[in-house]
Each structure stands twice: as C-alpha cells, then as structure tokens.
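Please read the following report with the sequence and the structure side by side, and look up each residue as it is named.

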Amino acid sequence: MMMAFCVGNSILPVTVNAESTNIAVKDISCKDQDLIKVVDEHIVETMTSYQIIKPDELKEKIGVDNFNKLQTRLVIANKEKSESLNREAVQDIHIQILRQVGATVESHWWGKRIITHNRDTAINVRKLANAFTGTAGDAGIVSAMAAAGIGIIPGLGTPAAIAGIITGVISWADSTTWNNVATQVANNIDSGKYNLTIGINAWIMEVKVY
C-alpha cells in the first residue's frame with residue numbers, strides 16, 4: 001500500500017507492507033500538524049535536551065530541507081530548555097502559595113527544602129504540587145488553591161491571575177519536578193507519614209521526600 005507523508009506543500013509517498021490492498025493514497029491535504037506528527041515519532045525529550053532517533057529514516061520521510069530546518073529548530077529548543085533548567089522550578093510565587101497552607105520553605109545554594117509539619121499541610125502541598133505541573137492548566141491551579149482554602153494573596157492577586165503567571169512560564173523540567181514532588185508526597189501520605197521534608201535539588205536535578 002502506498003501511504004503519504006506531508007512535506008511542506010508536497011506529498012512524499014512511502015511504500016509499506018499490506019496483505020489485502022494495493023491502493024495508492026492520493027490527494028491528501030498537507031498540514032503542518034501532519035508533518036509534526038511524523039517528526040514527533042523520532043524525537044525523544046530528556047530533562048536536558050531534545051534528540052532525534054533514527055535520523056536517516058526521518059530524513060527520508062520529511063526531506064533534506066525540512067530535516068535541516070528541524071536540526072536548526074532543535075538547537076534553539078535545546079537552548080531554551082537549558083535556560084529553563086537554570087531557572088529553579090520553585091519560584092517565589094510557589095513559595096508564597098505553599099506558605100499559605102502552612103508549609104515552611106527554605107532556600108539553600110543547592111535548591112529548596114519544603115517542610116509540611118502535619119497531615120493537612122502535607123495533603124494541601126500534594127494537591128498544589130500536582131497543580132503546579134501545569135497538566136490541568138489554569139483551572140487545575142485555581143481548583144487546588146480553592147481546595148486548600150487560598151483566596152487572594154496580597155501582591156499576587158486572585159487565584160486565576162496567579163494560575164496564569166505559573167502556567168505562562170512553566171517548562172517541561174518544571175512540570176517533571178513538581179510531578180515528582182506530588183508523587184512522592186502522595187506515597188508518604190499513603191504510608192501515614194505527614195511531617196515531610198521535601199528536598200528539591202536544582203544542582204543535580206533530584207527530588208527526595210522523607
């Protein structure tokens with residue numbers, strides 16, 4: 001069967017194995033999203049970079065020109081990722097919110113230490129950390145703040161305004177860090193542990209909860 005990938009404004013046919021048909025796919029409408037979908041299958045994201053897997057195969061699929069443009073774009077994307085890594089996941093805005101629910105937040109040269117002290121604070125920190133991942137968007141942060149009894153914070157504004165600030169700058173590394181916090185705090189809560197110390201080490205990119 002002949003399948004087609006979109007490359008710019010043209011169709012790149014690719015022959016694949018098929019048992020029951022030998023129909024040629026024609027007149028496919030090319031869109032940017034189609035090209036991105038093809039490339040996504042060859043991109044692996046790590047904490048520090050984006051990498052191309054099976055580059056020769058991808059080059060055949062999308063063409064030399066698009067492949068060269070992709071490499072240039074990844075250089076820029078990796079620089080952006082590097083810059084985001086140099087910015088700690090725990091920003092002042094997070095610290096102010098966490099303190100609203102009774103958590104102690106300490107700053108050290110290696111990163112941040114968050115102490116929950118008790119059950120209610122641990123549960124609220126878990127909810128907030130999960131929201132800070134950004135996976136549920138602004139609504140998730142607003143909902144978590146409401147569940148924690150947080151309204152307007154002087155100097156920051158309403159939960160909706162605060163949520164917009166957080167999701168507007170969140171990076172993949174930030175999201176991964178907060179997801180690690182939420183998961184480890186949840187595991188400790190399930191084990192009946194509430195007076196928790198959360199170490200977010202920005203130096204070696206590690207989260208430990210004990």
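To describe how helices pack, an axis is taken as a line fitted to C-alpha atoms, for helices over the stretch in contact, and the angle between the N-to-C directions runs from 0 to 180 degrees. The model is predicted, so local features need pLDDT of at least 70 and side-chain atom pairs count only at pLDDT 80 or more, while totals for chains, interfaces and linings use all residues. Residues are numbered from 1 along each chain as its sequence is written, and side-chain values use heavy atoms, with hydrogens and water left out.

The protein chain has eight helices and eight strands, where helices (H or I, at least four residues) and strands (E, at least two) are DSSP runs numbered from the N terminus. Of the 210 residues in the chain, 37% are buried; here buried means under 20% relative accessible area, exposed means over 50%, and partly exposed lies in between (1.4 Å probe, protein chains only). With contact meaning heavy atoms within 4.5 Å, 53% of the contacts between residues at least 6 apart in sequence join residues at least 24 apart.

| Helix pair | Angle between axes | Distance between axes |
|---|---|---|
| α5 and α8 | about 150 degrees | 8 Å |
| α6 and α7 | about 130 degrees | 8 Å |

Angles under 35 degrees count as roughly parallel, over 145 as roughly antiparallel, 65 to 115 as roughly perpendicular and the rest as oblique. By these limits α5 and α8 are roughly antiparallel to each other, whereas α6 is oblique to α7. The crossing of α5 and α8 is left-handed, while that of α6 and α7 is right-handed; a crossing is left-handed if the near helix is turned anticlockwise from the far one by less than a right angle, and right-handed if clockwise.

Among the residues of α5 that meet α8 are Ile123, Ala129 and Phe132, and their partners in α8 include Trp178, Val181 and Ile189. By class, this contact has 10 nonpolar, one polar and one charged residues, where Ala, Val, Leu, Ile, Met, Phe, Trp, Tyr, Cys and Pro count as nonpolar, Asp, Glu, Lys and Arg as charged, and the others, Gly among them, as polar. In the contact of α6 with α7, residues including Ile141, Val142 and Met145 in α6 meet residues including Pro159, Ile162 and Ile166 in α7.

Which kind of aromatic pair do Phe132 and Trp178 form? Rings of Phe, Tyr and Trp (its six-membered ring) pair if their centres lie within 6.5 Å, and planes under 30 degrees apart count as stacked, over 60 as edge-to-face and the rest as tilted. The ring centres of Phe132 and Trp178 are 4.9 Å apart and their planes stand at 70 degrees, so the pair is edge-to-face. Phe132 belongs to α5 (residues 119-132) and Trp178 to α8 (residues 172-190), so that the pair links parts of the chain 46 residues apart. Phe132 is buried at 1% relative accessibility, and Trp178 is buried at 0%.

Most residues other than glycine have a negative phi. Lys54, however, has a positive phi near 50 degrees; Lys54 lies in the loop between β4 (50-52) and α2 (55-62) and is exposed, at 57% relative accessibility. His117 likewise has a positive phi, of about 75 degrees, lies in the loop between β6 (111-115) and α5, and is partly exposed, with a relative accessible area of 40%.
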